[in-house]
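Dear colleague,

Please find below the structure that I am handing over to you. My notes on what was found in it follow directly after.

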Amino acid sequence: MLFSQIQKTGAELRMETEVLSVSRSREAVLSSKSGLERVRFSHLILAAGCRERPLGALHITGTRPDGVYTAGQAQEMMNLHGTDPGERILILGSGDLGMIVARRCVLRDKQVIAIAEQAGKYTGLVKNYHSCVEAYSIPIWTHTTVTQLHGEPRLTGVTVRELDSGLERFVSCDTLLLATGLIPEQTLVSNLGAPEWLHLVGNCNRVHDLVDSAAHEARTVGYEIIKRT
């Protein structure tokens, strides 16, 4: 539907094209199968979304075995490729993504040992807690985090720490899914400052709880640019 609407506007949709760089002189370098191309523009709207916080950004020591994935990677494996991340799964982080992927694993007949969460309660939406966690009796270990990985070449378990008491214990599992937050993707324009012609929309501006909020923000920016031109 959106593609059809774009065609009616006369705008060009470039598939398989990456923006390599953007300069302060309002010039972008594009890369595609046909090679490199320089494009000049009046306004730049960045709608690059966000990326998951990876293992390297967390204070988790130990081995680096197979079986450690971000929640998004696990969703891609199950939903797009029909493969499973593992059998006995621990999830770190109780935001919406963590709770949704926990339910998805249960529906694929996998054992979700628990969701470990540093805060005192789940951090996602109430509706996701009821429909994803409560409905499938998935435990949430609050005030708990993962401190160490064990196993080689495959994960055999993790050390979890109870933040209130400092006590640590070993939890046997073959898969750890990381749902530890999303980072707005602004790398492409991180060196530009805040020029008036640069507009950030959607999850690359801030992480939205609902897609309706992100869409509203994009429409607002579009109207603002139309007024200026």
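Which residues form a nonpolar patch on the surface? They are F3, I6, L13 and M15, and together they have about 390 Å² of accessible area. Please bear in mind throughout that this is a predicted model.

With a relative accessible area of 61%, M15 is exposed. Helix 1 itself is hardly covered, since the count of buried residues among its 8 residues is 0. Just after helix 1, G10 takes a positive phi of about 90°. A salt bridge is also found here: the side chains of R14 and E12 meet at 2.7 Å, N to O. R14 counts as partly exposed, at 34% relative accessibility, whereas E12 is exposed, with a relative accessible area of 61%.

**Helix 3**

The 12 residues of helix 3 (residues 96-107) should span 16 Å at 1.5 Å a residue, and the end C-alpha atoms of the helix are 17 Å apart, which agrees. Which residues of helix 3 are buried? They are D96, G98, M99, V101, A102 and C105. In general, an α-helix has 3.6 residues a turn, so residues three or four places apart point the same way. The cover over the buried residues of helix 3 includes helix 2 (71-79), strand 8 (88-92), strand 9 (111-116), helix 4 (126-133) and strand 14 (175-178). Just after helix 3, D109 takes a positive phi of about 65°.

In what order do the 4 strands of the open sheet stand? The order is 6-11-12-13, and the pairing is mixed. Strand 6 (61-62) and strand 13 (168-172) stand at the edges with a single partner strand each, so one side of each is left without a neighbour in the sheet. Strand 11 (residues 144-150) and strand 12 (residues 157-162) run antiparallel and are joined by 6 bridges. In this pairing, V146 stands opposite V160 in strand 12.

**Salt bridges**

The structure holds 10 salt bridges, and two further pairs deserve a description here.

One of them is formed by the side chains of R51 and E185, which meet at 2.9 Å, N to O. R51 lies in strand 5 (residues 50-52) and E185 in the loop between strand 15 (182-184) and strand 16 (198-200), so the pair ties together parts that are 134 residues apart in sequence. R51 is partly exposed, with a relative accessible area of 37%.

Another is formed by the side chains of D84 and K110, at 3.0 Å, N to O. This pair ties together parts that are 26 residues apart in sequence, because D84 lies in the loop between helix 2 and strand 8 and K110 in the loop between helix 3 and strand 9. Salt bridges that share partners join D84 and K110 with E87 and R108 into one network.

With kind regards

Technical notes: Residues numbered from 1 in each chain as written. Predicted model: local features only at pLDDT ≥ 70, side-chain atom pairs only at ≥ 80, totals over all residues. Heavy atoms only, no water. Pairing = 2+ DSSP bridges. Helix = DSSP H or I, 4+ residues; strand = E, 2+ residues; numbered from the N terminus. Patch = residues over 30% accessible without salt bridge, like charges linked within 9 Å, V, L, I, M, F, W, Y side chains within 5 Å. Areas by Shrake-Rupley, 256 points an atom, 1.4 Å probe, with all protein chains shown as cover. Salt bridge = Lys/Arg side-chain N within 4 Å of Asp/Glu carboxyl O. Buried < 20%, exposed > 50% of the residue type's maximum accessible area, 1.4 Å probe, protein only. Expected span 1.5 Å × (residues − 1). Contact = heavy atoms within 4.5 Å.
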